[in-house]
Amino acid sequence: MQNTSDEYDVIVVGGGNAGFSAAHAAATRGRRVLLLEKGLPDMAGGNSFYTAGATRINHNGLDDVRDFVEPDERQARTVVPPYSPEEYAADLAKVTQGRNDPALTDVLVHESQAAVRWLQSLGVRYRLMYERQAYERADGSYLFWGGLHVGNVDGGEGLIRDHTAVAERLGTTVRYGVSVTGLVTEGGRVVGVTAETADGTEELRAESVVLAAGGFESNPEWRKQYLGDGWENAIVRGTPYNTGAVLQAALDVGAARGGDWGSAHSVQWDAECEENESNRVLTNRLTRQSYPLGIIVNNEGRRFLDEGADFRNYTYAKYGKVILQQPGSIAYQIFDATLRPMLRTEEYDMPGIGVHVADSIEELAASIHVDPVRLATTITEFNDSIDRSLPFDPTVKDGRAAHVDPPKSNWASPLETGPFYAYPVTCGITFTFGGLKATTDGQVIDTNGDIMPGLLVCGEMLGGLFSGNYPGGSGLAAGMVFGRRAGQIA
Ligand SMILES: Cc1cc2nc3c(=O)[nH]c(=O)nc-3n(C[C@H](O)[C@H](O)[C@H](O)COP(=O)(O)OP(=O)(O)OC[C@H]3O[C@@H](n4cnc5c(N)ncnc54)[C@H](O)[C@@H]3O)c2cc1C
């Protein structure tokens, strides 16, 4: 089956945050847009659906964001430190160790607030993320931290709901259950796609095609091939549909690879909850992100990383890999009764959570099958090495270190008050960093270095921004910034 080539101007492949952003930008220019999504409506929305909606943008403090976030009575006693484009760029360079593409970075750090404002003007709702990115101080005021302050109303679910409503209002045709398998070219130009549907194979044509079909994190063979041995065992946090099929379709017609194909975003993820893969009800609640407050040990009872190296936003995306490399690809986050009330409620009070609780360290060790003497020694050495002259303060990098090997650089608090808690974590893969090479407008570049007419890319499929690590909230920001840009020229 084939559509008439003048039915649509733009085909967008993939209905996540990036694809919808591209579709809206094209539709508001009067382009007739067809968005093709592999999932049926009950499985749609890609990884974007699973997110907390946290979106990293440049801004100048609370007064600069007040007019596009939902009202909240706490705002009168809230401090939101400004986050400049320069700080954003420095954070990207820091976590990627300078491997971030400078041109893409420059666009992202300067246009992220404008892109959020634009989406909000269309009907996508935002708010300040008190529960994840702020600490309440003793006087009842709130201090935001870590450069990541704004998020979607109702998280990723709300984001996709809002996007879908905007697409409908702008007249975009969204087709679900359509799996794109190839790109159609004519005279050196991309003119359409081939796709599988419940009714068979179709060829769909348009003037330009925007690829927004995610990375290859859901493909165990590709994970092993590109990320290395062991990665086939990682748990998929998000959609099962991002298998790299559309990346392959683009490579098949000559597109060049962009970015780092050898690394991925991965986090600490509940290892014992039975339904811990692509879970659309628990979504992001399966992650365990309060580790900077406690310690993490492997199944030999030993610490192996600096839990307090930096704010969680700058370490969480690389620590999944470190867990994968531990014996059995498992580790345990340990807290005591003093720390337990400070853990993120939505994660650590999750229904069905994997947790072990005991009145003594020895009993805790027995419960998680770790040598009790070794675990007790690790904890005693940790407690004894803490520099207690500095106050414990999770709103800043407090410098309160534990001088053990490996050190804990901030937020060291002795584990000495029972009951004690152990949360088993494994490696949950979020998304892969390798993608296609493109201009800052998303025009795909071929292996000869030339722009491929008719072909654009955005979102996880656009390679170059991230490598090895990632500053929290920049995936959604990049999706909207580069999706919007692609849609503006599609
Ligand atoms: C649990 C979790 C929490 C996260 N939290 C955050 C957060 O709070 N903030 C943040 O910035 N980032 C977060 N991320 C990362 C974020 O999800 C991604 O960076 C972002 O959503 C990518 O958007 P995208 O549109 O490129 O991809 P996706 O949202 O994954 O969309 C790709 C779409 O393409 C479709 N598709 C795939 N193959 C085909 C095909 N062959 N044919 C047709 N369609 C196809 C998929 O079904 C999917 O709908 C999180 C990710 C996960 C998994």
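**Note on the ligand site, pockets and backbone of the predicted model**

1. The ligand is surrounded by 39 residues, and Glu 37, Ser 48, Ala 54, Glu 460 and Leu 476 are the closest; a residue counts as near a molecule or strand if one of its heavy atoms lies within 4 Å of it. This is a predicted model, in which local features need pLDDT of at least 70 and side-chain atom pairs count only at pLDDT 80 or more, while totals for chains, interfaces and linings use all residues. Residues are numbered from 1 along each chain as its sequence is written, and side-chain values use heavy atoms, with hydrogens and water left out.

2. Ser 48 places a polar side-chain atom 2.6 Å from an oxygen atom of the ligand. Leu 476 has a polar backbone atom 2.8 Å from a ligand oxygen atom, and for Gly 475 a backbone N or O atom lies 3.3 Å from an oxygen atom of the ligand. Of the 1,000 Å² of accessible area that the ligand has on its own, the protein covers 98% (Shrake-Rupley method with a 1.4 Å probe; for residues, only the protein chains shown count as cover).

3. Two or more residues of the shell around the ligand come from each of helix 1 (17-27), strand 2 (33-37), helix 2 (46-50), strand 10 (179-186), strand 20 (420-432) and helix 14 (474-489). Helices (H or I, at least four residues) and strands (E, at least two) are DSSP runs numbered from the N terminus. Helix 2 supplies the largest share of the shell, four residues. By class, the shell holds 15 nonpolar, 20 polar and four charged residues; Ala, Val, Leu, Ile, Met, Phe, Trp, Tyr, Cys and Pro count as nonpolar, Asp, Glu, Lys and Arg as charged, and the others, Gly among them, as polar.

4. The largest pocket has a volume of about 350 Å³. It is lined by 19 residues, of which Arg 132, Tyr 135, Ser 290, Met 342 and Arg 344 are the closest to its centre. Helix 6 (130-133), strand 6 (134-136) and helix 11 (345-348) each give two or more residues to this lining, which comprises eleven nonpolar, three polar and five charged residues. On a 1 Å grid over the protein atoms alone, a pocket is an open set of points where a 1.4 Å probe fits, with protein on both sides within 12 Å along at least five of seven lines, whereas in a cavity the probe cannot get out; lining residues have an atom within 4 Å of a point. Grid points are joined across faces, edges and corners, and a volume is the space filled by probe spheres set on the points.

5. For the second largest pocket the volume is about 290 Å³. Among its 18 lining residues, Thr 51, Ala 52, Gly 155, Thr 283 and Glu 346 are the closest to the centre. Helix 6 and helix 7 (155-169) give two or more residues to the lining, and helix 7 gives the most, with three. The lining has five nonpolar, five polar and eight charged residues.

6. An open antiparallel sheet is formed by three strands in the order 3-8-5 (two strands pair if DSSP finds at least two bridges between them). Strand 3 (54-55) and strand 5 (126-128) are at the edges with a single partner strand each, so one side of each has no neighbour in the sheet. Strand 5 pairs with strand 8 (150-152) over three bridges, and Arg 127 stands opposite Gly 151 in strand 8.

7. Strand 10 pairs with strand 11 (189-197) in the antiparallel sense over seven bridges, with Gly 192 as the bridge partner of Val 184. These two strands form a hairpin with two residues between them, and Gly 187 in the turn has a positive phi of about 55°. Strand 11 also pairs with strand 12 (200-205), antiparallel over six bridges, and a hairpin through two residues joins them. Ala 195 stands opposite Glu 202 in strand 12.

8. Most residues other than glycine have a negative phi, and most peptide bonds are trans. The bond joining Asp 405 and Pro 406 is cis, with omega about -5°, and the bond from Gly 418 to Pro 419 is cis with omega near 0°. Pro 406 is in the loop between helix 13 (372-384) and strand 20, and Pro 419 is found in the loop between helix 13 and strand 20. Ser 278, a residue other than glycine, has a positive phi near 45° and lies in the loop between strand 16 (264-270) and strand 17 (295-298).

How values were computed. A polar contact is a pair of N or O atoms within 3.5 Å; within protein, one must be able to donate a hydrogen and the other to accept it, and residues adjacent in sequence count only if both atoms are side-chain atoms.
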